[in-house]
Amino acid sequence: MAQKLVAVVAWALLCFLAYASVSPIGARPTLPASTSLEHIAAFATVGFLFHLAYPRHVMFVWFVVIGSAALFELMQLVTIDRHARLVDAFEKMAGGSVGMFLGRAALYFEQALRRRQI
């Protein structure tokens, strides 16, 4: 049940990031932090959630997280007031990779704790 909830949250966050990536610049949600930190934190969260939601489908998670980072930047090429930058794509991919690694580590430590309790 919890894994399904995490999957719903992961997909919802990914949809929100798609909106934030291609919406007009005035409608884009912002944080008081730098945009680089926003990119890394947002995709780290997505990577973490997707890895928790689909722990046995690592390649699927990788394609969704890294692929969406690249796709969202490419989608900015067709918007009038947005600009796609390679640096932004790399920041998103790096954040997603960190999130997937942290998700993997969380699952590993959870399993290790369960083995010790038995």
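## Overall make-up

The protein chain's secondary structure comes to four helices and zero strands, where helices (H or I, at least four residues) and strands (E, at least two) are DSSP runs numbered from the N terminus. Reading from the N terminus, the order is α-α-α-α.

This is a predicted model, so to speak plainly: local features need pLDDT of at least 70, side-chain atom pairs count only at pLDDT 80 or more, and totals for chains, interfaces and linings use all residues. Residues are numbered from 1 along each chain as its sequence is written, and side-chain values use heavy atoms, with hydrogens and water left out.

## Box, burial and surface

Along the principal axes, the C-alpha atoms fill a box of roughly 60 × 30 × 25 Å. Of the 118 residues, 35% are buried, meaning under 20% relative accessible area with a 1.4 Å probe, protein chains only.

The chain exposes about 7600 Å², with carbon and sulfur atoms supplying 73% of that (Shrake-Rupley method, 1.4 Å probe). Take the contacts (heavy atoms within 4.5 Å) between residues at least 6 apart in sequence: 71% join residues at least 24 apart.

## How α1 meets α2

Helix α1 (residues 2-22) packs on helix α2 (residues 35-53) at about 150°, axes 8 Å apart; the axes are lines fitted to C-alpha atoms over the stretch in contact, and angles run from 0 to 180 degrees between N-to-C directions. That makes the pair roughly antiparallel, the label for angles over 145 degrees.

On the α1 side, the contact includes Val6, Trp11 and Leu14, and on the α2 side Phe43, Val46 and Phe50 are among the residues taking part. The contact residues divide into 15 nonpolar, two polar and no charged.

Technical notes:
Angles under 35 degrees count as roughly parallel, over 145 as roughly antiparallel, 65 to 115 as roughly perpendicular and the rest as oblique. Ala, Val, Leu, Ile, Met, Phe, Trp, Tyr, Cys and Pro count as nonpolar, Asp, Glu, Lys and Arg as charged, and the others, Gly among them, as polar. Buried means under 20% relative accessible area, exposed over 50%, partly exposed in between (1.4 Å probe, protein chains only).
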